[in-house]
Amino acid sequence: AVCCITLGIRAAIKGGVSEVTAYSLSDEYIQKIDTMKSTEQVIEFLSEKAVELAKLVSKSQRKRIAHPIVKKAVHYIEENLYQKITTSQVAEYCSVSKDHLSLLFKQNTGETVTKYILREKLSESRRLINRGLSNSQIAYQLGFCSESHFIAKYKEHYGLTPGEERKSLRLS
């Protein structure tokens with residue numbers, strides 16, 4: 001099972017999934033497999049995760065960015081997702097002005113740097129919810145200014161609160 005996960009993660013990285021995301025998923029998958037009691041559970045889990053990885057690769061393929069500065073910005077965001085990130089920090093990392101980065105980013109991704117950062121953080125927060133972390137832990141780890149800000153942004157983006165998301169996960 002661990003070999004299958006390793007090969008799947010390597011393929012996902014080659015397909016365009018960020019290394020940070022892929023290795024985080026790898027750790028999560030292996031920890032989950034360690035709790036399983038039967039071969040059938042492991043096989044079903046691996047099948048589900050293979051589909052999940054394929055969807056991530058597909059999503060990353062659609063997200064292909066041609067401009068090198070925007071690629072560099074996206075890489076910086078992915079590498080620093082667990083920090084507070086500002087457009088100014090990203091621009092400084094890319095050695096361009098904030099305005100220039102904002103213009104390039106919008107042209108290449110269709111969204112602002114700030115919206116992109118928030119969307120990526122909220123996507124990561126969903127994974128953390130699945131791992132059982134509390135709202136305060138997630139807000140702290142992902143650099144939200146407060147737990148209530150995290151909950152409000154989550155609800156605005158997904159249409160339900162993190163607590164409602166947890167309840168729906170327990171029911172399924």
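Predicted model: local features only at pLDDT ≥ 70, side-chain atom pairs only at ≥ 80, totals over all residues.
Local features need pLDDT of at least 70 and side-chain atom pairs count only at pLDDT 80 or more, while totals for chains, interfaces and linings use all residues. Residues are numbered from 1 along each chain as its sequence is written, and side-chain values use heavy atoms, with hydrogens and water left out.

**Aromatic pairs**

- Six aromatic pairs are found in a search of the whole structure. Rings of Phe, Tyr and Trp (its six-membered ring) pair if their centres lie within 6.5 Å; planes under 30 degrees apart count as stacked, over 60 as edge-to-face and the rest as tilted.
- Y29 and F45 form an edge-to-face pair, because their ring planes stand at 90°, with the centres 5.9 Å apart.
- This pair links distant parts of the chain, with Y29 in helix α2 (residues 19–34) and F45 in helix α3 (residues 39–62), 16 residues apart. Helices (H or I, at least four residues) and strands (E, at least two) are DSSP runs, numbered from the N terminus.
- Y29 and F45 are both buried, where buried means under 20% relative accessible area, exposed over 50% and partly exposed in between (1.4 Å probe, protein chains only).
- F150 and Y154 have ring centres 5.8 Å apart and planes at 65°, so this pair is edge-to-face.
- F150 and Y154 lie in helix α9 (residues 147–158) and are four residues apart, so about one helical turn separates them.
- F150 counts as buried because its relative accessibility is 0%, and Y154 counts as buried because its relative accessibility is 0%.
- F144, F150, Y154 and Y158 are linked into a cluster by ring pairs.

**Charges over rings**

- R126 lies over the face of Y158, 3.8 Å from the ring centre. The criterion is NZ of Lys or CZ of Arg within 6 Å of the ring centre and within 35 degrees of the ring normal.
- K72 lies over the face of Y93, at 5.2 Å from the ring centre.

**Largest pocket**

- The largest pocket holds about 1500 Å³ of space. On a 1 Å grid over the protein atoms alone, a pocket is an open set of points where a 1.4 Å probe fits, with protein on both sides within 12 Å along at least five of seven lines; lining residues have an atom within 4 Å of a point. Grid points are joined across faces, edges and corners, and a volume is the space filled by probe spheres set on the points.
- Its lining has 42 residues, and T21, L25, E52, L56 and R127 lie nearest the centre.
- Two or more lining residues come from each of α2, α3, α4 (68–79), α7 (113–130) and α10 (162–171), and α3 gives the largest share, 10 residues.
- By class, this lining has 13 nonpolar, 11 polar and 18 charged residues. Ala, Val, Leu, Ile, Met, Phe, Trp, Tyr, Cys and Pro count as nonpolar, Asp, Glu, Lys and Arg as charged, and the others, Gly among them, as polar.

**Second largest pocket**

- The second largest pocket has a volume of about 440 Å³.
- It is lined by 20 residues, with T114, I117, L118, F144 and H149 closest to its centre.
- The elements giving two or more residues to this lining are α7 and α9, and the largest share, seven residues, is from α7.
- The lining divides into seven nonpolar, six polar and seven charged residues.

**E165**

- E165 is in helix α10 and is buried, with a relative accessible area of 9%.
- Leaving out residues up to four places away in sequence, E165 touches R126, I129, Y154 and L160, where contact means heavy atoms within 4.5 Å.
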